Amino acid sequence: MHELSLAAIRRALEAGDFTAAELVESLLGRIEAHDGNLNSFVTVTGEQARAAAAESDRRLAAGTARPLEGLPLAHKDIFCTAGVRTSCGSRMLDNFVSPYDAAVVERLKAAGAVMLGKTNMDEFAMGSSNETSYYGPVANPWDTARSPGGSSGGSAAAVAARLVPAATGTDTGGSIRQPAALTGITGLKPTYGRVSRWGMIAFASSLDQAGTLTRSAEDAALLLGAMAGFDERDSTSLDEPVPDYVAGLDRSLEGLTIGLVRQFFDEGLEADNEAALRAAAAELEGLGARVRQAELPNIGLSVPTYYVVAPAECSSNLSRFDGVRFGYRADDPKDLLDLYCRSRAEGFGAEVKRRIMTGTYVLSAGYYDAYYLKAQKVRQLISDDFRRAFAEVDLIAGPTTPTPAFELGAKIDDPITMYLNDIYTIGANLAGLPCLSVPCGFSAGLPVGLQLIGPPFAEQRLLACAHQYQGATDWHRRTPAGYA
Amino acid sequence: MSLTRQQVEHIANLARLEFDEAEIPDFVAKLGSIVDFVDQLQQADTDTVEPMAHPLDQVQRLRPDEVTEAIDRDAYQENAPAVADGMYLVPKVIE
């Protein structure tokens, strides 16, 4: 059962091949057997999952099944879940039980999906390796000495190891696409504003977007249809119609123009990653797409732009953690200032503190114009580059990451080296564009990803392109040894 | 331009964070390397560029100023470290 996609599970449940309850037991057994090594879950919600599966089986029997009835998934521990601890990978929220469900959780639950648990992640989604989590690093199922990437590393590892067929994630600078690429699965980040951020713990509000980690583009389409749509509780939610993403998957690539970004073929791109990307481009051409070169002249400044804008927003968002209303509080504070400072010093880990400090610095008196305002101007230049490129191509293609999965511990002591992991993914966040990563090959036994980026609201075009590619290739069907 | 220890202490105070004596040198070095890294932005010619306000050029949506939900204080305070009579407790502020 654990090898089935969401789409296949849905057909099997409808045909009565197995029940939702049997499926949940089987997957809980896999989590029990394998997650000791992987550490992909922070919390497993077996009891709730069994109750939800029983309800799904009743509805399936009664003919009142909802669109995602009985489909198991896990939520990144950044999404608030009523009555279930929501830690955001931080000691700060180790004891936090949300009083409400995030919009994403609410919508997927209303569609009949069954939550199996909450997945591990970099603390407050700040990291590219899952090593900043208070609950320890996650191992990559392809090689447990290596990182699955981050920040949605737990979601990626759980899906790659077939512990759960799908998981939610969030992507602020690559946090869905990079772990998807490093674990050989499909990761989708929708257009900024496409999916509600309500109840999703904020990191950098102008960049954060919820999305999916699945085994195929078809499964991503299935989930996105339930997740997307206007929500008045998110002030940047966009009131745009939600198309039938699944129905759009069969659109052929004939007539589609795909631009390979010249600037992405830089000295950091490893030879195997480049070879896999070039082979994927040839495959897309074989499917009818026209592949040409695209230019993003300012994309080289995307990482420094991001490391001003994201920390600035994070320093504001994380000021709410003060040891007073919820979250961690230091023992025996001597006065109010000591309560604030020590609760924050003890509750946050090193990377989160670095980002708060960077953000506070770039927003502080005398530095705002030189850093924050400057970065927002460069962000406009980068966004304009994409706009110009999309006047000539329908989709942009490039690598998702410069290298395959790196070893745990290899980059954690050097923030800049770690930040440069996201060199190809950050641009789409700065410009608010939809994008995805699909497996497109291997480098010494480790998966490599192809990234596709579209203009605003082109999720359907992206998913169709990825689906056609997955119809012609089997990279996304490969399972890490020991997890088949 | 790297940061000095005094600057880092000033920023820590603004951010309501504090650091052990032992972690300060490493913190000063890493934060300095981040600031040096983002200094690349100064190369970009942005004289005629407006700073981006929203990735999709949207403006803030407005809504009628109406009460739409009630606050369930008891439920929310279950997550609070210290409460009494519906209030959040902090160390004494006024002598």
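This is a predicted model: local features need pLDDT of at least 70, side-chain atom pairs count only at pLDDT 80 or more; totals for chains, interfaces and linings use all residues.

Reply: Starting at the N terminus, chain B runs α-α-α-β-β, where helices are DSSP runs of H or I with at least four residues, strands are E runs of at least two, and both are numbered from the N terminus. Its radius of gyration is 22 Å, well over the 12 Å that the globule rule gives for 95 residues, so chain B is more spread out than a compact globule. That radius is taken over C-alpha atoms, and the rule is 2.2 Å times the number of residues to the power 0.38.

Residues are numbered from 1 along each chain as its sequence is written, while chains are lettered from A and ligands numbered from 1 in the order in which they are written.

Back to chain B: along the principal axes, its C-alpha atoms fill a box of roughly 55 × 45 × 25 Å. Buried residues come to 17% of its 95 residues; buried takes 20 or more other C-beta atoms within 10 Å of a residue's own, exposed takes 12 or fewer, partly exposed is in between, and C-beta atoms are placed from the backbone.

Now the partner. In chain B, 38 residues are in contact with 53 residues of chain A, a contact being two C-beta atoms, placed from the backbone, within 7 Å. The elements giving two or more residues to that side of chain B are α1 (5–14), α2 (24–38) and α3 (73–77) of chain B. Of these, α2(B) gives the most, with 7 residues. By class, the side of chain B that touches chain A has 26 nonpolar, 6 polar and 6 charged residues. Here Ala, Val, Leu, Ile, Met, Phe, Trp, Tyr, Cys and Pro are nonpolar, Asp, Glu, Lys and Arg are charged, and the others, Gly among them, are polar.

Most residues other than glycine have a negative phi, and most peptide bonds are trans. B:D85, not a glycine, has a positive phi of about 50°. B:D85 sits in the loop between β1 (83–84) and β2 (87–88) of chain B, and is exposed, with 5 other C-beta atoms within 10 Å. Over in chain A, A:A125 also isn't glycine and has a positive phi, near 65°. A:A125 is in the loop between β3 and α5 of chain A, and it counts as buried because it has 30 C-beta neighbours inside 10 Å. A:S151 lies in the loop between β3 (114–119) and α5 (153–160) of chain A, and a cis peptide bond with omega of about 10° joins A:G150 and A:S151.

With 27 C-beta neighbours inside 10 Å, A:R355 counts as buried. Leaving out residues up to four places away in sequence, A:R355 touches A:M126, A:P311 and A:C314. A:R355 and A:V309 are 46 residues apart in sequence, yet 10 Å apart in space, C-alpha to C-alpha.
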